[in-house]
Number of protein chains: 4
Amino acid sequence: MFEAGIKMATIYHQFVGTPVNLRTVEELEKTISDTIEVQPYVESAKVYICRNYFSDEGDTYSYVSLTGDMIDGTVVIRLGSTRVTAEMRYDDDLRYPLMFVSSIEEL
Amino acid sequence: MFEAGIKMATIYHQFVGTPVNLRTVEELEKTISDTIEVQPYVESAKVYICRNYFSDEGDTYSYVSLTGDMIDGTVVIRLGSTRVTAEMRYDDDLRYPLMFVSSIEEL
Amino acid sequence: MFEAGIKMATIYHQFVGTPVNLRTVEELEKTISDTIEVQPYVESAKVYICRNYFSDEGDTYSYVSLTGDMIDGTVVIRLGSTRVTAEMRYDDDLRYPLMFVSSIEEL
Amino acid sequence: MFEAGIKMATIYHQFVGTPVNLRTVEELEKTISDTIEVQPYVESAKVYICRNYFSDEGDTYSYVSLTGDMIDGTVVIRLGSTRVTAEMRYDDDLRYPLMFVSSIEEL
């Protein structure tokens, strides 16, 4: 779980602020996922950036800075015989990008 | 432990790259610690930045960018009746800034 | 002007995402300003973080992550006999945190 | 030139600290370049990450955190009839990742 928390916050604090638009968003998702997967004990990482935040007006300033609210992420950690799945998801009620452990399996 | 991991990685990925010199290092340590303490479930956070990396030559370029190797950190998390202490410390043998859980107490 | 641009983007891309609340905001402003001032050719740097974004509810999640919209910044660069003042300010019409050069003086 | 400086520092302060290894380095280079290109006034951006810093041992901790020393970058800005080329390159003598304007053209 400790490792899962590390990976969650890496997604957030390394990449929030990154300029991104509709043309680059898919590539950025993949880079963030792969970045998490190079770290120790990560079985898989999947990051989705919500497209609702993008305009498609196409003017000079038509990009956004990545915020935590835009990120949905799932990271699976395997350490010994334990597999932990953690997720990051924007909570509309709390208005907060929650990070939580969604499953712990003993293999 | 999940929360402890989040806080550890926040220290690292938010602040690595920050320009710092001998005049500002103490203030930066305090700001990082206080930044961690505003997050949920943190009882205390303590960050120390190793001074060995600084030169005191005083020329135009006499500052360094904060790296993970320079950071010693301890974060204490309290969630319900559990208190978790996590630490970040550069491991000379592994040549890696290790993050680890150093104690778990049931209160 | 090149140096001024570097400093503007340092404020933004280093610190966006930092957790902050009403208790730590003043300290964070000072740390960002002082961080910019350790870099070459900076005569002064002043950063203001808009308080409107903070709630004062005081519950567990009552902090915000610093965004570019919240930052007002002014950096004065001196290189040889030229002094350049650059500013960062959220533009309500463009809905964009604009960075611009506000004055160039020959001393 | 102001815009060129902004882009240079975006490369540095947004991405320094990112975990990367030999498998992901090419993708990260492309993502950084494309990230810069979504920003206003950028004609092209090219980022190269020096492979000398990677080990190929392949153990659990075999990745590095991106540092400014590892980055070679070139950004071309076009604003009106002016084209500015800026570069970032590690200077071995100064032991400093220098950012500089390498050409200004009137078109």
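1. **A:T35 and its helix.** A:T35 is found in helix α2 of chain A. Helices here are DSSP runs of H or I with at least four residues, strands are runs of E with at least two, and both are numbered from the N terminus. The model is predicted: local features need pLDDT of at least 70, side-chain atom pairs count only at pLDDT 80 or more, and totals for chains, interfaces and linings use all residues. Residues are numbered from 1 along each chain as its sequence is written, chains are lettered from A and ligands numbered from 1 in the order in which they are written, and side-chain values use heavy atoms, with hydrogens and water left out.

2. Is A:T35 buried or exposed? A:T35 is buried, with a relative accessible area of 3%. Buried means under 20% relative accessible area, exposed means over 50%, and partly exposed lies in between (1.4 Å probe, protein chains only). The side chain of A:T35 reaches the backbone oxygen of A:T31 at 2.7 Å. Leaving aside neighbours within four places in sequence, A:T35 is in contact with A:F15, D:T18 and D:P19. Contact means heavy atoms within 4.5 Å.

3. A:E37 is partly exposed, at 27% relative accessible area. Not counting residues up to four places away in sequence, A:E37 touches A:V42, A:S44, A:A45 and D:R23. A:E37 and A:F100 are 63 residues apart in sequence. In space, their C-alpha atoms are 19 Å apart.

4. **Helix α2(A) as a whole.** This helix has 13 residues. From its first C-alpha to its last, α2(A) reaches 18 Å, close to the 18 Å expected at 1.5 Å a residue. The expected span is 1.5 Å times one less than the number of residues. α2(A) is mostly covered, with 10 of its 13 residues buried. Among the buried residues are A:V25, A:L28, A:I32 and A:I36. The charged-class names A:E27, A:E29 and A:D34 are on that list too. The buried residues of α2(A) pack against α1, β1, β2 (42-49) and β4 (71-79) of chain A. They also pack against β1 (19-20) and α2 (25-37) of chain D.

5. **Chain A overall.** How many helices and strands does chain A have? Chain A has 2 helices and 6 strands. From the N terminus on, they run α-β-α-β-β-β-β-β. The C-alpha atoms fill a box of roughly 50 × 30 × 20 Å, taken along the principal axes. Of the 107 residues of chain A, 56% count as buried. Among contacts in chain A with a separation of 6 or more, 54% come from residues 24 or more positions apart.

6. **Chain A against chain D.** Here 25 residues of chain A are in contact with 25 residues of chain D. Chain A and chain D bury about 2,000 Å² between them, 56% of it on carbon and sulfur atoms. Buried area is the accessible area (1.4 Å probe) that two parts lose on being put together, summed over both. In chain A, the residues losing the most area to chain D are A:Q14, A:E27 and A:V38, together 28% of what that side buries.

7. The rule finds 2 salt bridges across the interface of chain A and chain D. A salt bridge is a side-chain nitrogen of Lys or Arg within 4 Å of a carboxyl oxygen of Asp or Glu. The side chains of D:E27 and A:K30 meet in a salt bridge, at 3.4 Å from N to O. Chain A and chain D also have 8 residue pairs in polar contact, both residues at pLDDT 80 or more. A polar contact is a pair of N or O atoms within 3.5 Å; within protein, one must be able to donate a hydrogen and the other to accept it, and residues adjacent in sequence count only if both atoms are side-chain atoms.

8. **What chain A brings to chain D.** α1 (2-15), β1 (19-20) and α2 (25-37) of chain A each supply at least two residues to the side that touches chain D. The largest share, 7 residues, comes from α2(A). By class, this side has 10 nonpolar, 10 polar and 5 charged residues. Ala, Val, Leu, Ile, Met, Phe, Trp, Tyr, Cys and Pro count as nonpolar, Asp, Glu, Lys and Arg as charged, and the others, Gly among them, as polar.

9. **Chain A against chain C.** At this interface, 11 residues of chain A are in contact with 11 residues of chain C. The buried area is about 970 Å², and carbon and sulfur atoms give 64% of it. The rule finds 0 salt bridges between chain A and chain C. The side of chain A that touches chain C has 8 nonpolar, 3 polar and no charged residues.
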